[in-house]
Every structure is written in C-alpha cells, then in structure tokens.
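Dear colleague,

Please find below the sequence and structure that I am handing over to you. A summary of what was found follows directly after them.

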Amino acid sequence: MAKLSLFERRRRRVRSALRARGSQRPRLSVHRTGQHIYAQVIDDAEGKTVAAASTLGAKSSGANVDAAAQVGKDIAAAAKKAGVTSVVFDRGGFLFHGRVKALADAAREGGLEF
C-alpha cells in the first residue's frame, strides 16, 4: 500500500476523532480549493446532506477570507432553516487557519454551536 499524503493522514485523523466522540450531532464539513470553498451540514445517521453553501455563483469573486465568511453565514442560515443548531466541525485535512477559520467563525456568529 502506498504511503498516504500528509493531507490524507490529517483528514483520517480528524474524521476518526469525530467518530470516537460518538456524537449524534450533524457534521459541518468544509472543503476548499484554490477557487472556491464549500460547506455542508451532513447527518451521518441518515446519510443525507441537510444544508449546503459555497462560493459557486456568489457575487464575490474567488475564495478569499471574505468569501469564506459569507459562506459561513450562509451555511448557518441554511442549517437553522433546516432545524439544526448544534454541529461538530469537520475541517477534513485542512488546517484551522485562514479561510477555514473565517468560515467557522462566521458560522458561529450565525448561530451554529460547535
């Protein structure tokens, strides 16, 4: 088996830590690329996406910190509309810094608890 990349090792470590806690709360999953940032609230018990937001089709261009903060506000509003107020934060293999942190802070300000 080939060695895993550092990103993949971090991603697996974060995901297994979330599973080990055994939380029944939905998961706020974040994915970022060079051009966009995506966020989903996923109910793992049912295997369904409850809410989603991204910079695709957004007014702001690019995936800078301001755009990530807007996605955080959008995902918080969509989750509250779906009846979700408490989540666990799944940063994947991304470091909690920059755009990922801006999205998380904005989601907290929007009313999500994690």
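I begin with helix α2, whose buried residues are covered by elements that include β1, β2 (37-43), β3 (48-54) and α3. Please bear in mind throughout that this is a predicted model. The buried residues in α2 are Ala 67, Ala 68, Val 71, Gly 72, Ile 75, Ala 76 and Ala 79. The helix itself runs over residues 65-81 and has 17 residues. From its first C-alpha to its last, α2 reaches 24 Å, close to the 24 Å expected at 1.5 Å a residue. After α2 comes Gly 83, which has a positive phi, near 90 degrees.

In strand β2 lies Gln 40. Leaving aside neighbours within four places in sequence, Gln 40 is in contact with Arg 27, Leu 28, Ser 29, Thr 49, Ala 51, Ala 52 and Ile 75. Ile 75 is among the buried residues of α2. With a relative accessibility of 33%, Gln 40 counts as partly exposed, because that value falls between the limits of 20% and 50%. Its C-alpha atom is separated by 12 Å from that of Ala 104, although Gln 40 and Ala 104 are 64 residues apart along the chain.

Ser 29, one of the contacts of Gln 40, belongs to strand β1. Its relative accessibility is 16%, which is under 20%, and Ser 29 therefore counts as buried. Not counting residues up to four places away in sequence, Ser 29 touches Tyr 38, Ala 39, Gln 40, Ile 42 and Asp 90.

Asp 90 forms one with Arg 27, where the closest N and O atoms are 2.9 Å apart. This pair links distant parts of the chain, since Asp 90 is in strand β4 (residues 88-90) and Arg 27 in strand β1 (residues 27-32), 63 residues apart. Both Asp 90 and Arg 27 are buried. They also take part in a network of salt bridges that links Arg 15, Arg 27, Asp 44 and Asp 90.

Other salt bridges are found within helices. Arg 11 has a relative accessible area of 29% and is partly exposed. In helix α3 (residues 99-109), Lys 101 and Asp 105 are four residues apart, and so are separated by about one helical turn. The closest N and O atoms of this salt bridge are 3.1 Å apart. Lys 101 is partly exposed, with a relative accessible area of 37%, and Asp 105 is likewise partly exposed, at 27%.

The largest pocket has a volume of about 180 Å³. It is lined by 13 residues, of which Leu 18, Arg 19, Ser 23, Arg 25 and Asp 44 are the closest to its centre. Asp 44 is also a member of the salt-bridge network described above. The largest share of the lining, three residues, comes from helix α1 (residues 6-21). By class, the lining has six charged, four nonpolar and three polar residues.

With kind regards

Conventions. Residues are numbered from 1 along each chain as its sequence is written. This is a predicted model: local features need pLDDT of at least 70, side-chain atom pairs count only at pLDDT 80 or more; totals for chains, interfaces and linings use all residues. Side-chain values use heavy atoms; hydrogens and water are left out. On a 1 Å grid over the protein atoms alone, a cavity is a set of points where a 1.4 Å probe fits but cannot get out, and a pocket is an open set with protein on both sides within 12 Å along at least five of seven lines; lining residues have an atom within 4 Å of a point. Grid points are joined across faces, edges and corners, and a volume is the space filled by probe spheres set on the points. Helices (H or I, at least four residues) and strands (E, at least two) are DSSP runs, numbered from the N terminus. Ala, Val, Leu, Ile, Met, Phe, Trp, Tyr, Cys and Pro count as nonpolar, Asp, Glu, Lys and Arg as charged, and the others, Gly among them, as polar. Buried means under 20% relative accessible area, exposed over 50%, partly exposed in between (1.4 Å probe, protein chains only). A salt bridge is a side-chain nitrogen of Lys or Arg within 4 Å of a carboxyl oxygen of Asp or Glu. Contact means heavy atoms within 4.5 Å. The expected span of a helix is 1.5 Å times one less than its number of residues.
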